[in-house]
There are 2 protein chains.
Amino acid sequence: MVTEIALVLVGDELLSGRTRDVNLQRFSRVLADWGLPVTSASVVRDIPLEISISIRNSLSKNTAVIVTGGMGPTEDDLTVAALATAFNLDLIRSSLAEDMIRTKQHEYGLGLPESALKQADIPEGALPVMNPVGIAPGIVLPVSGSFVICMPGVPSESAALLEPCLRVAGIEPMQGKQIRFVRTWGLKENNLFDSLKSLSLKNKVIPAFLPSPGRVDIKVSGAGANGFSHDVIEKLGNRVYTTERDETLEEVIGKKLIESGLSLATAESCTGGSISRGITAVPGASRWFVGGVVSYSNEIKMQILGVKKQTLEEYGAVSEQTALEMARGVRRITGADFSLAVTGIAGPDGGTEEKPVGTVWTAVCSDKVEKAHLWRLGGDRESIRDGASARALGTLFELLQ
Amino acid sequence: MVTEIALVLVGDELLSGRTRDVNLQRFSRVLADWGLPVTSASVVRDIPLEISISIRNSLSKNTAVIVTGGMGPTEDDLTVAALATAFNLDLIRSSLAEDMIRTKQHEYGLGLPESALKQADIPEGALPVMNPVGIAPGIVLPVSGSFVICMPGVPSESAALLEPCLRVAGIEPMQGKQIRFVRTWGLKENNLFDSLKSLSLKNKVIPAFLPSPGRVDIKVSGAGANGFSHDVIEKLGNRVYTTERDETLEEVIGKKLIESGLSLATAESCTGGSISRGITAVPGASRWFVGGVVSYSNEIKMQILGVKKQTLEEYGAVSEQTALEMARGVRRITGADFSLAVTGIAGPDGGTEEKPVGTVWTAVCSDKVEKAHLWRLGGDRESIRDGASARALGTLFELLQ
């Protein structure tokens, strides 16, 4: 019985460094919710033998294989042929797959070239699955008491095809076992690990720490999971923003603002728009986010946000005073109820002894309250920018509590 | 003789979906420049046997293995022990590694707990490599006429350790073979593939197409590479922004503006700050980028950018007129020489029959010229936002030519 999934990601572009794979992360989350954890992943080139070997090596009675990539109409698209070879099957023109392709080509106003119909040749015994957002059907091949699913690597297509293919393979979503998540902001992984040691022992759990810049997720399972997560929340307070596994800090802030009918504006310097981008990644953000200013230069800080020249001269662009004036300014010009501001030194240049790379001031502001924080962040430019974004959002979350 | 690299990425968080791996893409690029292409990658859990097996299966006389992750001081960090087990070696306390750890702990103002010193136990015969930006040393183990390198998975640390470890392993950077890159914007991969077929045949090359939202990179190698890339540039014109493999559209635009001493401001609606974030990811962007406005709501479009209420009522927020007024407005309030603006429907909601999801207007503006473009983009919310960002930048690139 299939209890696990192995992923095989096909594509030269994934190994040449040109393309960043997003399927691994997305699939892992969805499949965990379906009770089918991903236990391994392989990345292989567009070479049929390597694809075949990887599929064969990954498949077992307990482990089904999902393959992404190499499903298009070009000569580089070799996954389906490799799948057939892996199990010594013939490729057969499927009239069902052909209909699916015709339908999508027609929908997109495209003709029906020979190359498109190549995608209707599938291994004997395989079932095609209609692709909601592209041409190439997904393929489900029952084999050896298990199954292999193949789908295009294009993220929007693989995301849309995953669940239909699993259902065709006979899989239904399952209730997750007792797992608890505690999602935190602004704490460093190693500090967190050390500070939660005694609570781990007390509750007899082994938590997993899953870091990203400015955020650490803690995942625990088993009998002590509930108790541990309660203890952690009590200990960490407002550094915990949610216990929902997929709820982001941006979403949590959005819900709070929607509930209270309040709005937010942002003023960013070194983060350059990362915060507003993250906020607007959430569908429906327009219900609470009005917009912001990326005041990258001092002139813009002064001209648009009204930061005083004196302030910049006396305290510098990266200072508590400038951060507060940026936050006040964007609130004023947008009329938003809340605002946040970030100004800092992302590096690699620009650091001084007094203010080294990683020095960041954040500020949050409402009509009643103003708070500023100084942070000293590590890592490279992108880590500092993302870490600063998370901390600015976190201080707003604190204010909203 | 080692001619290829296999990557082994260790970490439950990579397979649970919590963390997105960035090492694969970064390493693939650097290693290709060193003449050592990455030919496979595996992602495994923090389970010693799985790590050991993956390392053993990947290693050969020709294929060296680089392992990232699982190098920290916690109980979940099992890579070094797994490496020792894989080759039946003892773990030995290395005084050199211990010195490295002491030095870094001191530099970061940390104590020297027992857990930190665990990282000084390395397989017999392995060489420690000082970690410039973290605590755990890298490890280089010569074995079976090949080698295994292990380093922390944290991206800033792995990026800093890669080259020092390769050098300790006896590898020197090599001159790349005849490879040409043509990086394009705003063209769809399948259209590009079809339209370049005859040039491929003419030059006797098999180009690889490496897409990301709004951008497609074309890579060719061999004798016909030069001729092909010239032909492609002639055919595609301003849709080609560079032939340098790692030069981004943002960097190209930045260089042009720096050369001419001109500046840029941005006005974003649906892209929410993605464009300014991409621009400011480039160190030194302050030399040509002054900042921008994220005018997510219509009120902000009117209040800050001066878009006319009439315009919004008559043509709507997603229209040529609104895009042009946004671009003009941000130029006016910032004093920048050039500006670009984007307004569109990123989805999944908000589409109508007249303006379906994916409808995007971009505009670019200088004191002399104004141009607006209508795009119909596909994919999910993030694809549409990133695709819109690339096209806005591309139309600015065109204007700057």
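A:Trp185 is buried, because its relative accessible area is 0% (buried is under 20%, exposed over 50%, partly exposed in between, with a 1.4 Å probe and protein chains only). This is a predicted model, in which local features need pLDDT of at least 70 and side-chain atom pairs count only at pLDDT 80 or more, while totals for chains, interfaces and linings use all residues. Residues are numbered from 1 along each chain as its sequence is written, chains are lettered from A and ligands numbered from 1 in the order in which they are written, and side-chain values use heavy atoms, leaving out hydrogens and water.

The charged end of A:Arg239 sits over the ring of A:Trp185, 4.3 Å from its centre (the criterion is NZ of Lys or CZ of Arg within 6 Å of the ring centre and within 35 degrees of the ring normal). In the other chain, B:Arg239 lies over the face of B:Trp185, also at 4.3 Å from the ring centre.

Over all chains, the structure holds 6 aromatic pairs (rings of Phe, Tyr and Trp, the last by its six-membered ring, with centres within 6.5 Å; planes under 30 degrees apart are stacked, over 60 edge-to-face, the rest tilted). The rings of A:Trp185 and A:Trp375 have centres 6.1 Å apart and planes at 70°, so this pair is edge-to-face. A:Trp375 is buried too, at 10% relative accessible area.

Chain B can be laid on chain A with an RMSD of 0.1 Å by a turn of 180° and a shift of 0.0 Å along the axis (least squares on C-alpha atoms of residues with pLDDT of at least 70 in both). The two copies are therefore related as by a two-fold rotation axis.
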